[in-house]
Amino acid sequence: MLRRLVALLACATALLAGAAVATAAGPPAVQGAAVLVGNGATGEVLFQRGADLELPMASITKVMTVLLSLENAKPSQVVVGSADAAAVGESSIDLRRGERLTVRELQLAAMLPSANDAAYALGEHVGGRGGMRRFLRLMNERADELGLEHTRYVRPDGLDAPGHHSSARDIFTLARTAMRLPAFRQLARTRQATISGGRRLTSTNDLLFSYAGTIGVKTGHTSDAGWCEVVAARRNGVTIYVVILGSPGREQRNADLAKLLDWGFAQYGRVQLISGTRTYAEAAVPYREEKALRLVAREPILKVVRWGTRLREQVVAPAMVRLPIQAGDELGTVKVFEGDEVIAEQPLIATESIAAPGVGSRMGWYADRALDHAGDLLDSIFGGIL
């Protein structure tokens, strides 16, 4: 087998190089104490500033609260509002002591209008007989399981409290984890809902209404935390997450989130990793010297990759084929690597059918070869004399 290694796929090289120049500018300038832009599928951080600073995160806390309620309670379970839950202030659904709502209704209330009383009621319910103390322990244990090194929960709702903090990097990890659950994704992308008592809920995530492709996840705001959000959006097969903590205003936060999402998506493009028309190899054909057999990929492959990614192509094909050959026969492979990972692969197929030659054809071919050899020998003998 003839093995040929190529550093970069020829047709993709120009595309990647051109895009690298086009996106050479860094991310836009934004305000906030901490910022992170990441790829939701791979977890790759595209940009970060202060990503490990321990900062108050306000109602982004409710991502963990709702996640634990999804993992430990059924949506149809009924929760009876406690006096403590009803007394929680600021953003609320005016939950009354003794009022009965389902877990699902409380999850919607905690995620959409970011109701603190709903989050507190969920925590008490999941905490069971251990109450809020047990639920807070569960929150911090789950944070440890996820490797959230800069996160500590003191409340289930995110209201300002000493020692209650997280980081942009931890929030990115937590949001990706929660968004793997279909039930959480549904909550995170819901714009409006109606629950018991005729309560009409509207999401505080403004980008769900204004930025195409937004799929979640959670906002937050307190006097200590400022304006915060972790947002996720998907376009052209790419999911980008942006975290901003400590923005000075709601409109500023929203504008900065949109700019960072645009920048994140601009880091990726659809590239033809394997061509459907390119001749990847030519194999010699027995008894036919004038024309080699072209080998092409069975199917083209287009894939979204980050501009500037270093790719390596490997083509494996026979130096000579054995007859007969049918058009479409698989005779090799082409692979494209990103590092050690194969990101595209296709079989190489014959472009034409070639029958096995008969006895007469083979004898004629050998005769021609013999005459050519004899001619070369005579030239070598007499050429020097003449």
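Author: What follows is a short talk about cavities, pockets, aromatic pairs and charges over rings.

Author: Before we start, this is a predicted model, in which local features need pLDDT of at least 70 and side-chain atom pairs count only at pLDDT 80 or more, while totals for chains, interfaces and linings use all residues. Residues are numbered from 1 along each chain as its sequence is written, and side-chain values use heavy atoms, with hydrogens and water left out.

Reader: ok, how many cavities of 30 Å³ or more does the search find?

Author: The search of the whole structure finds two of them. A cavity here is a set of points, on a 1 Å grid over the protein atoms alone, where a 1.4 Å probe fits but cannot get out, whereas a pocket is an open set with protein on both sides within 12 Å along at least five of seven lines; lining residues have an atom within 4 Å of a point. Grid points are joined across faces, edges and corners, and a volume is the space filled by probe spheres set on the points.

Reader: What volume does the largest cavity have, and which residues line it?

Author: Its volume is about 40 Å³, and the residues that line the largest cavity include Met111, Leu187, Ser203 and Lys218. Two or more residues of this lining come from each of α8 (182-189) and β8 (214-222), where helices (H or I, at least four residues) and strands (E, at least two) are DSSP runs, numbered from the N terminus.

Reader: And the second largest cavity, which residues line that one?

Author: Among them are Met57, Tyr153, Asp170 and Leu174, and the volume of the second largest cavity is about 30 Å³.

Reader: Switching to pockets, what is the volume of the largest pocket?

Author: The largest pocket has a volume of about 400 Å³, and of the 15 residues lining it, Asn39, Thr42, Tyr268, Val304 and Glu338 are the closest to its centre. Strand β14 provides the largest share of that lining, namely four residues.

Reader: How does the second largest pocket's lining divide by class?

Author: It divides into four nonpolar, ten polar and four charged residues, where Ala, Val, Leu, Ile, Met, Phe, Trp, Tyr, Cys and Pro count as nonpolar, Asp, Glu, Lys and Arg as charged, and the others, Gly among them, as polar. This second largest pocket has a volume of about 260 Å³, and the largest share of its lining, four residues, comes from β8.

Reader: Now the rings, how many aromatic pairs are there?

Author: The count comes to two, with rings of Phe, Tyr and Trp (its six-membered ring) pairing if their centres lie within 6.5 Å, and planes under 30 degrees apart counted as stacked, over 60 as edge-to-face and the rest as tilted. Phe47 and Trp263 are edge-to-face, at 6.3 Å centre to centre and with 70 degrees between the planes; Phe47 is in strand β3 and Trp263 in helix α10, 216 residues apart.

Reader: What about Phe172 and Tyr241, are they buried or exposed?

Author: Both Phe172 and Tyr241 are buried (under 20% relative accessible area, with exposed over 50% and partly exposed in between, using a 1.4 Å probe and protein chains only). Their pair is edge-to-face, 5.8 Å centre to centre with 65 degrees between the planes.

Reader: Which residue lies over the face of Phe172?

Author: That is Arg176, at 5.6 Å from the ring centre, and a charge sits over a ring if NZ of Lys or CZ of Arg is within 6 Å of the ring centre and within 35 degrees of the ring normal. Elsewhere, the charged end of Arg312 sits over the ring of Phe337, 4.2 Å from its centre.
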